[in-house]
Amino acid sequence: MDSSHRLFSFQRILAIAANTLTELTRQKVFYVLLIFALVLIGSSVFMARFSFQQEFQIMKDISLGAMSIFSSLLAIVATARLIPQDVDDRTIYTILAKAVPRFEYLLGKLLGVLLLLAISVVLMSALFIVVLYVREQTVVSETLRQMSRAPREQMDNALNAVRAAGLNIDILAGVAVIYLKACLLAALTLFVSTFATTNIFTVVVMVFVYFIGHLQSTAREYWLEQQTTGWLTRAFLALVALIFPDLQAFNLVDEIVAGVAIPLALLANTALLGIFYIGIYTLAATFVFYGKEL
Amino acid sequence: MTEEAIAVEGLTKVFHVPFHRKAIVAVRDLNLRVGPGEVYGLLGPNGSGKSTTLKIILGLVSPTHGRTKIFGRDSSLVESREAVGFLPENPYFYRFLTGEETLRFFGKLCRLTGSRLNDRVRELLELVGLTNARDQRLSTYSKGMLQRIGLAQALVNEPKLVVLDEPTAGVDPAGSRAIRNIIADLRQRGITVLLSSHLLTQVQEICDRVGILARGVLVREGHLEELIAIENRTELVLENASDALMKEIEKLAANSNAKLVERRRSTTTLERLFLDATKRNDETEMSKPEEMTKSE
Ligand SMILES: Nc1ncnc2c1ncn2[C@@H]1O[C@H](COP(=O)(O)OP(=O)(O)OP(=O)(O)O)[C@@H](O)[C@H]1O
Ligand SMILES: [Mg+2]
């Protein structure tokens, strides 16, 4: 038997992540949320149709909005109970009584949630893209029929207009950013749950964080405009920004609906910001968890 | 192999309960040594600090004062738990997993893979008599079955030290007998066992050495025979002894200055009786009794 100890074992983390994913998929909450999201996205197909531009815009707005809310909700609800549940059931004793470092346990749990979120976001966006694609094809064939006698150039213009309003690569950027936001919320929820005394507390705190996180950028701009800001205000705002992540930065829905192309630099910046937040929260969670009396 | 399996030095644990001014001293200046291959029983009434001591040894709870070591490595180090198995009291595992999945999960945590993992899981299910229940979710397991899957989980990495917190609590006599047989088998193989219990007759049968905790203090410790032997008494058990023979023995005893203190009919133990009575109905299969009481 190989008895040498590994300070870090990806196999152990994967085992915990797979177990977490199994746990979450075998809980009904996940399906309820997913079904709800699917129904909502599906229903956008039956929206009153004005012009195809408006229809596509409404569809993108509703679907991306729903995806954002559901993935965030799923991240918070699924993560909040993970550690408290293990503590209550004492399963955490059996895991940590093996040669499993505490940070591997945390990483495994987080990875499991991120996998669950990835699966749900992929499912939701796949459905959304299929629906959008089908509508786009319908509009294209309608346009072809209506303009069958129009000159070639005019028809090409019309078709290009349809395609520009429909599916494009920016949707994927929007989805990626929604996923990042959900991951960030999961990491923050995991951190809060390491010191929270009840699950309700965690969820309530996270709902607050969610709203403040969405509002804070507006508030900050207002503040910075109002006062000739001293360093104290700036320090305070920086602290607020660390505790309450700027979630508005992860919202590209407006740009996508308006059809504004999303620059790669913006996407990269947002991704870096997300990964930075996730890293900070995971470190904080690890720090608290190591001091925790089980 | 002169290394102590477990060394506890000057261990004190104080719990500060929020909104209570008085702190609870769960363990007070405890010193304990368990040699390799020994079966050590930690006894004591409820709340005497048994579980707390075991958790500190396993690094799950941090000591207020003092230190604990496993095979010479401090409990605060993760690697001290490399060759350790633990069964917590009233274990509750992931209820959404089946018995087999549970063992596979813990096997992977010990970095077992492939056929080694498969073989080990099969062996352990066999050992604790849960082969028939391996595809059942743990949410449908009875207490005794949970205890047994817990024991199997503790043995998954072929540990050199096994720590068991009340291994037979809530288990029926047949299951409890089977668990004690497994512990006896571990001793045969030279594996160190540290267990806590307040079921004294059971401890008496399996432990080499015992320590008795009371309010966090170790009040007695020693080899079992030494602790409970009554120095000046000897027992004889006879079969088919005639009255004449008994008279003869009494006379001999009286002549040699000894005194016959007690004379009684031998009885079987209630455990034996229970085991014999329940065996006839449901074979020797360990998991049978629980399966019958399972609802739906
Ligand atoms: N996390 C905790 N916080 C506060 N007090 C605790 C905690 N854990 C244990 N205690 C206290 O420490 C004392 C010892 O508890 P412990 O669980 O070690 O007893 P035990 O000997 O295992 O008892 P039992 O036979 O009932 O299992 C008890 O008074 C208990 O209330
Ligand atoms: Mg106890």
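**Entry 1: the ligand**

I began at ligand 1, where an oxygen atom lies 3.0 Å from an N or O atom in the side chain of B:Glu89. I call that a polar contact, meaning a pair of N or O atoms within 3.5 Å; within protein, one must be able to donate a hydrogen and the other to accept it, and residues adjacent in sequence count only if both atoms are side-chain atoms.

A note on ground rules: this is a predicted model, in which local features need pLDDT of at least 70, side-chain atom pairs count only at pLDDT 80 or more, and totals for chains, interfaces and linings use all residues. Residues are numbered from 1 along each chain as its sequence is written, chains are lettered from A and ligands numbered from 1 in the order in which they are written, and side-chain values use heavy atoms, with hydrogens and water left out.

Back at ligand 1, I found an oxygen atom 2.8 Å from an N or O atom in the side chain of B:Lys50. Another look gave me an oxygen atom of ligand 1 at 2.7 Å from a polar backbone atom of B:Gly47. On its own, ligand 1 has 640 Å² of accessible area, and the protein covers 67% of that (Shrake-Rupley method, 1.4 Å probe; for residues, only the protein chains shown count as cover).

**Entry 2: the shell around it**

How many residues surround ligand 1? I get 14, and the closest are B:Asn46, B:Gly47, B:Lys50, B:Ser51 and B:Thr52; a residue counts as near if one of its heavy atoms lies within 4 Å. Strand E2 (24–34) and helix H1 (50–57) of chain B each supply at least two residues of this shell, and H1(B) gives the most, with 3 residues. I take helices (H or I, at least four residues) and strands (E, at least two) as DSSP runs, numbered from the N terminus. Sorted by class, the shell has 4 nonpolar, 7 polar and 3 charged residues. My classes: Ala, Val, Leu, Ile, Met, Phe, Trp, Tyr, Cys and Pro are nonpolar, Asp, Glu, Lys and Arg are charged, and the others, Gly among them, are polar.

**Entry 3: where the chains meet**

Next I turned to the contact (heavy atoms within 4.5 Å), which takes 34 residues from chain A and 37 residues from chain B. The two chains bury about 3,200 Å² between them, 56% of it on carbon and sulfur atoms; this is the accessible area (1.4 Å probe) that two parts lose on being put together, summed over both.

I count 2 salt bridges between chain A and chain B, a salt bridge being a side-chain nitrogen of Lys or Arg within 4 Å of a carboxyl oxygen of Asp or Glu. A:Asp89 and B:Arg95 form a salt bridge through their side chains, at 3.2 Å, N to O.

**Entry 4: chain A by itself**

Chain A has 12 helices and 0 strands. Its C-alpha trace spans about 80 × 60 × 35 Å along its principal axes. I also found a salt bridge between the side chains of A:Lys109 and A:Asp86 (3.2 Å, N to O). That pair links distant parts of the chain, with A:Lys109 in helix H6 and A:Asp86 in helix H4, 23 residues apart.
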